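Trainee: I would like to go through this model piece by piece. Please put the structure up and I will ask as we go.

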Amino acid sequence: MSRRRRAEKRTIEPDPVYGSTLISKFVNKVMESGKKSVARRIVYNAIEKFAQKVKSENPLESFELAIENAKPALEVKSRRIGGATYQVPVEIPANRRTSMAMGWIITHSRAKPGRSMEEALAAELIDCLNNQGATIKKKDDTHKMAEANRAFAHYKW
């Protein structure tokens, strides 16, 4: 981390199909080895399948709602105080919430065996839209952990 000044945030260009920066960020997260065209194809086909299965006229709106449902509000951070390490619950900034939700969706999609990435991603987005599935369980576990350690909230820095 630089001591001179804060690193400035780079602006991300909106994606060419939907004109959304959220989908552009999602494509960047899905991308492996710099293959953006492959990642775009996977994400667009997954969103198309997702929109067909939930019978949505506006796939972008449904996608945004699925991401919103997967966003966590709290997490725990380790804080060492006097020889003991406490799990201190802290609120998550908005950009990190979105990033965590996307990461969880992609991770759980990749973990589904016997499916193409497009199908797995579409299934995970449907689960997120319906507030169920592995991603929502991960979010709930994170919230439960923060709730269980609420007694240490005064150690927040």
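Trainee: Which residues of α6 are buried, and on how wide an arc do they lie?

Mentor: This is a predicted model, in which local features need pLDDT of at least 70, side-chain atom pairs count only at pLDDT 80 or more, and totals for chains, interfaces and linings use all residues. Residues are numbered from 1 along each chain as its sequence is written, and side-chain values use heavy atoms, with hydrogens and water left out. Buried means under 20% relative accessible area, exposed over 50%, and partly exposed in between (1.4 Å probe, protein chains only); in α6 the buried ones are T135, I136, K139, T142 and A146. They sit on the same side of α6 because the directions from the helix axis to their C-beta atoms cover an arc of only 120°.

Trainee: Which exposed residues are on the face of α6 turned away from its buried side?

Mentor: Helices here are DSSP runs of H or I with at least four residues, and strands are runs of E with at least two, numbered from the N terminus. Opposite the buried side of α6, the exposed residues are K137, K144 and A148.

Trainee: What covers the buried residues of α6?

Mentor: Contact means heavy atoms within 4.5 Å. By that criterion, the cover includes the strands β1 (74–81) and β2 (84–91), together with the helices α3 (59–70), α4 (94–110) and α5.

Trainee: How far does α6 reach from its first C-alpha to its last?

Mentor: Helix α6 takes in residues 134–148, which is 15 residues. The expected span is 1.5 Å times one less than the number of residues. That gives 21 Å expected, and the helix is close to it, reaching 21 Å.

Trainee: Where is D127, and which side chain of opposite charge is nearest to it?

Mentor: D127 is in helix α5 (residues 117–129). Lys and Arg count as positive, Asp and Glu as negative, with His and the chain ends not counted. A salt bridge needs a side-chain nitrogen of Lys or Arg within 4 Å of a carboxyl oxygen of Asp or Glu. D127 is buried yet has none, and the nearest side chain of opposite charge, 4.0 Å away, is K112.

Trainee: Is P16 buried or exposed, and which residues does P16 touch?

Mentor: P16 lies in the segment before α1 (21–30). P16 counts as exposed because its relative accessibility is 60%. Not counting residues up to four places away in sequence, P16 touches R40 and Y44.
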